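Me: I have a model open on my screen and would like to understand the terms used for it. Could you take me through them?

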Amino acid sequence: MQQLFFAILTMIAGVLACVVYFFGTNFILDKIFPSKGLSGPQASRNLRITNSIRPWLFLGPALITLAVYLVYPVIESVRLAFHDKSGIEFVGLRNFVWMFNDGEFRQSIFNNFLWLLVVPALATFFGLIIAALTDRIWWGNIAKTLIFMPMAISFVGASVIWKFIYDYRPEGTEQIGLLNALVVYFGGSPEAWVTLPFWNNFFLMVILIWIQTGFAMVILSAALRGIPEETVEAAVIDGANGLQIFFKIMIPQIWGTIAVVWTTITITVLKVFDIVLAMTNGQWQSQVLANLMFDWMFRGGGDFGRGAAIALVIMVLVIPIMVWNIRNATKEMEGH
Amino acid sequence: MIAASRSPLAWVVHLSVALLVILWTLPTAGLLISSLRDKDQLAVSGWWTSLSASTQNVVFRAPGPDKQVEKDGKFVISGNVLEGGAGEVAAFGSSSLKPGDFEPGQTAELNGGEKLTVQADGSFEIVSDKAMEGTRGQRIFYQATVPSRFTFDNYREVFNAAGIGASFINSLTVAIPSTIIPILVAAFAAYALAWMKFPGRAILVAVVVGLLVVPLQMSLIPLLKLYNGVGLFLGVPAKTYVGIWLAHMGFGLPLAIYLLRNYMVGLPREIMESARVDGASDFDIFVKIILPLSFPALASFAIFQFLWTWNDLLVAMVFLGAGNDELVLTGRLVNLLGSRGGNWEILTASAFVTIIVPLIVFFSLQRFLVRGLLAGSVK
């Protein structure tokens with residue numbers, strides 16, 4: 001409780017500091033270069049000066065934070081990737097040579113590509129189907145809320161939920177995991193699903209698909225509603241059936257949004273770490289890059305060079321999406 | 001809206017949506033139901049059976065021969081196998097291999113010639129013609145039908161013993177300041193990027209969009225080194241709450257600035273221009289007009305940031321210690337998965353404690369969350 005009190009106190013202090021900074025600097029700026037009450041060239045000169053300084057006062061704290069927490073680390077990570085475990089001695093490409101010869105790394109790359117192929121595709125697919133179906137029924141909003149709900153659950157919480165579903169009891173005893181209970185009910189024999197090499201990847205992916213489908217559904221549902229009625233009506237008059245309308249009229253009009261959803265989930269997939277850590281911690285050949293990187297941060301006292309090299313690989317995979325996003329955003333800015 | 005909704009195929013739509021909804025909610029429902037079940041029942045039967053009474057194989061050791069009473073020339077040991085607990089004896093037996101050989105009320109002959117009778121209400125009698133010897137009591141195997149029992153015991157246990165209570169406070173300590181502090185900083189920056197004219201604005205917007213997708217993994221090692229360095233230099237611990245608040249602020253800022261800028265750009269230009277004509281500076285305009293108007297966007301971001309900081313594991317694991325007064329809920333849950341992996345009564349209850357706050361936020365503020373999602377996805 002005392003700790004919470006301390007947290008709230010800091011919060012107030014932090015907000016106060018922000019307020020003092022913004023009010024203070026602006027007050028001082030207006031004092032040094034007053035424009036109110038003055039007239040003529042002096043006033044307009046002061047106005048010009050304040051107008052050129054003020055944006056930087058507004059941006060200052062944000063820019064400093066971004067620089068320290070995101071820009072500097074990216075540069076430093078690149079540097080560390082070419083240095084030894086403590087980051088002092090330059091080792092050239094040795095970390096990368098090690099990486100590509102490391103079986104665990106190649107396993108992670110392979111698994112990551114599996115994840116990249118399956119998760120965005122299925123999450124977008126289910127999201128689209130659910131968005132299209134729920135728009136037609138009266139209880140669609142309730143259905144959407146329930147499918148959207150896993151979004152709020154942490155990856156670790158979701159992992160526990162699904163670990164319970166995959167739970168394994170030896171054959172002959174009563175299964176308390178839903179999946180094995182179903183398998184036994186239909187005459188199969190129970191399996192420890194998360195320990196099956198290769199296939200366990202898919203059991204882990206289900207968790208992320210379960211979480212991300214709601215996100216895809218919300219965005220795609222809004223896009224479907226944004227489709228002009230006339231295009232659909234015209235197709236109906238021309239005698240198109242429901243499926244034709246969906247695939248030939250509606251889908252082509254929301255390609256842009258589908259791409260956005262797809263790339264956003266792709267980035268989430270690249271960063272996925274909690275699920276693997278909680279479910280298998282990379283055992284049984286289920287390792288992925290983000291968890292491997294975290295592992296190397298602390299393994300054997302921590303190898304910052306190797307960790308940074310793996311982080312760099314994740315970064316390289318993200319860069320195409322980053323460029324695409326920036327290009328779209330600047331295009332939109334010019335239109336604005 | 002389309003012909004299909006009026007066609008006889010409409011029920012297919014209803015059915016498939018119902019199926020999908022069940023598929024998506026069942027896992028969470030299973031967790032919630034399990035966390036409320038009696039821990040002995042939870043361990044032996046699936047949660048979907050929790051409404052029907054369950055059958056358990058139980059072993060009961062009768063009192064030893066020293067408790068025997070002589071009655072009508074016979075020696076009798078009596079008692080109740082259920083020991084006052086709820087339930088019923090469905091069957092009993094005298095060996096572990098055949099716990100269901102006899103119906104209640106029947107009499108089984110034991111190895112030593114004693115006769116064992118167990119009634120459905122659990123009362124039993126061991127009757128022997130001669131005095132029973134030995135020190136250990138007879139084992140009675142029986143199958144009990146136990147009515148399903150729901151209890152808050154699991155929650156009581158995780159709050160008291162598993163350290164979930166302390167972690168709950170820690171999570172709040174991390175999440176609340178990490179949510180509130182970045183909002184002001186981001187709002188000022190977003191306004192500058194949306195409505196103020198200065199050289200380099202377009203580039204800064206592009207940088208923010210680019211930083212939106214920088215993987216957290218890139219930042220971890222350099223920041224850990226930086227924190228260690230600063231901690232050493234100032235003589236303070238490297239892993240502190242202040243450190244994690246700032247880290248969460250740094251990682252949350254790109255989305256905050258992007259969201260708020262998108263929203264502010266959409267505000268009508270006339271309001272600002274008329275205010276400017278009246279002699280208001282950018283600062284006045286921002287504080288008096290833009291900030292109140294931006295409330296929906298601020299709320300959206302606050303929800304995002306709260307969910308993200310509450311649910312985060314990675315940042316907390318790297319920048320916060322693992323002590324009892326620092327371990328957050330997600331971290332505690334991962335630890336429990338490792339140490340108490342088979343104790344589902346602990347895991348389910350702990351997991352539900354960690355997801356209850358986000359779920360409350362989600363269900364009460366879903367409107368803002370959806371709006372934020374729609375504005376935040378890069379169009």
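Reply: Happy to! This is a predicted model, in which local features need pLDDT of at least 70, side-chain atom pairs count only at pLDDT 80 or more, and totals for chains, interfaces and linings use all residues. Residues are numbered from 1 along each chain as its sequence is written, while chains are lettered from A and ligands numbered from 1 in the order in which they are written.

Me: How do you know where the domains of chain B lie?

Reply: The bounds come from an automatic or database domain assignment. Chain B is split into domain 1 (3-50), domain 2 (54-146) and domain 3 (156-376). The centres of domain 1 and domain 2 of chain B, taken over C-alpha atoms, are 42 Å apart.

Me: Why are α4(A) and α1(B) called oblique?

Reply: Helices are DSSP runs of H or I with at least four residues, and strands are runs of E with at least two, numbered from the N terminus. Helix α4 (residues 103-134) of chain A and helix α1 (residues 10-35) of chain B have axes that come within 10 Å and cross at roughly 135°. Axes are lines fitted to C-alpha atoms, for helices over the stretch in contact, and angles run from 0 to 180 degrees between N-to-C directions. Under 35 degrees counts as roughly parallel, over 145 as roughly antiparallel, 65 to 115 as roughly perpendicular and the rest as oblique. α4(A) and α1(B) are therefore oblique to each other.

Me: Which residues of α4(A) and α1(B) meet?

Reply: I130(A), L133(A) and T134(A) meet V13(B), S16(B), V17(B) and L20(B); contact requires C-beta atoms, placed from the backbone, to lie within 7 Å. Over the chains, 93 residues of chain B are in contact with 98 residues of chain A.

Me: What makes β2 and β5 of chain B edge strands?

Reply: Two strands pair if DSSP finds at least two bridges between them. The open sheet has five strands in the order β2-β3-β7-β6-β5 (chain B), with antiparallel pairing. Strands β2 (69-71) and β5 (107-109) of chain B each pair on one side only, as edge strands.

Definitions and conventions:
Contact = placed C-beta atoms within 7 Å.
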